[in-house]
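Keep the sequence and the structure open as you read.

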Amino acid sequence: SGYRRAADRPESGGSAALFRRGERLDLQQLIYFKRAAELGNISAAAREFRVVQSAVSTQIKNLEYELGAEFFERTHNRLVLNDNGRILYRHASEILGLVKDAGKELADIAGKQQKELTLSVETVPLLLPDIIQGFCRSYPDIKIRLLQYQKDFEMENLEYDLMLNFSPEARKEENSILIYE
């Protein structure tokens, strides 16, 4: 199961402490965990963060050890959140959102507010880079953040300002607008 001793398993009634002795939770672990969950793949998350796969994998394993629970069902190069993972994902999203909000508030105080637009896409069509480049030329003070999601991921858990969907099914959605055909 990934735990060295039965006492380390959460269901065994092991230590009452939230974190293991000498260990500490780190925001980078939550960032890697959250993105790997969204992509369903550690290697894809590593590529996105421009780090080696083992760096993401190690951070997630450390997080599992520190919190005393496993978060994924691992199958053929695919990660699927288990019950523990869904709980942590919800909290990690909230924690990282609060950190982002705090950064924005502090930037406001310092007068250095950076505007950011988060786009969520399932696939990146050939046309999208040109659209983004044109937008960036017109609005250089707005930073574009591009998130790629997987079709079967729970969309309500993603944090984005605008979702671009390049399929005929998207037109059927109540709150969708056709912007290019």
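What volume does the second largest pocket have? The answer is about 660 Å³. This is a predicted model, in which local features need pLDDT of at least 70 and side-chain atom pairs count only at pLDDT 80 or more, while totals for chains, interfaces and linings use all residues. Residues are numbered from 1 along each chain as its sequence is written, and side-chain values use heavy atoms, with hydrogens and water left out.

**The pocket**

The lining of the second largest pocket comprises 22 residues, and Ile31, Lys100, Glu116, Arg145 and Leu147 are the closest to its centre. A pocket here is an open set of points on a 1 Å grid over the protein atoms alone, where a 1.4 Å probe fits, with protein on both sides within 12 Å along at least five of seven lines; lining residues have an atom within 4 Å of a point. Points are joined across faces, edges and corners, and the volume is the space filled by probe spheres set on them.

At least two lining residues come from each of helix H1 (27–39), helix H2 (42–49), helix H4 (83–110), strand S3 (115–121) and strand S4 (142–148). Helices (H or I, at least four residues) and strands (E, at least two) are DSSP runs numbered from the N terminus.

**H2 against H3**

H2 also packs with helix H3 (residues 53–67), at an angle of about 115 degrees and with the axes 8 Å apart. The axes are lines fitted to C-alpha atoms over the stretch in contact, and angles run from 0 to 180 degrees between N-to-C directions. On the H2 side, Ile42, Ser43, Ala45 and Ala46 meet Gln53, Val56, Ser57 and Ile60 of H3, where contact means heavy atoms within 4.5 Å. By class, this contact has five nonpolar, three polar and no charged residues.

Between H2 and H3 lies a loop that holds Arg50. The phi of Arg50 is near 60 degrees, a positive value in a residue other than glycine.

Buried means under 20% relative accessible area, exposed over 50%, and partly exposed in between (1.4 Å probe, protein chains only).

| Residue | Relative accessible area | State |
|---|---|---|
| Leu67 | 28% | partly exposed |
| Ser120 | 0% | buried |
| Arg50 | 76% | exposed |

Leu67 belongs to helix H3, and its C-alpha atom is 9.5 Å from that of Arg24, 43 residues away along the chain.

Methods:
Ala, Val, Leu, Ile, Met, Phe, Trp, Tyr, Cys and Pro count as nonpolar, Asp, Glu, Lys and Arg as charged, and the others, Gly among them, as polar.
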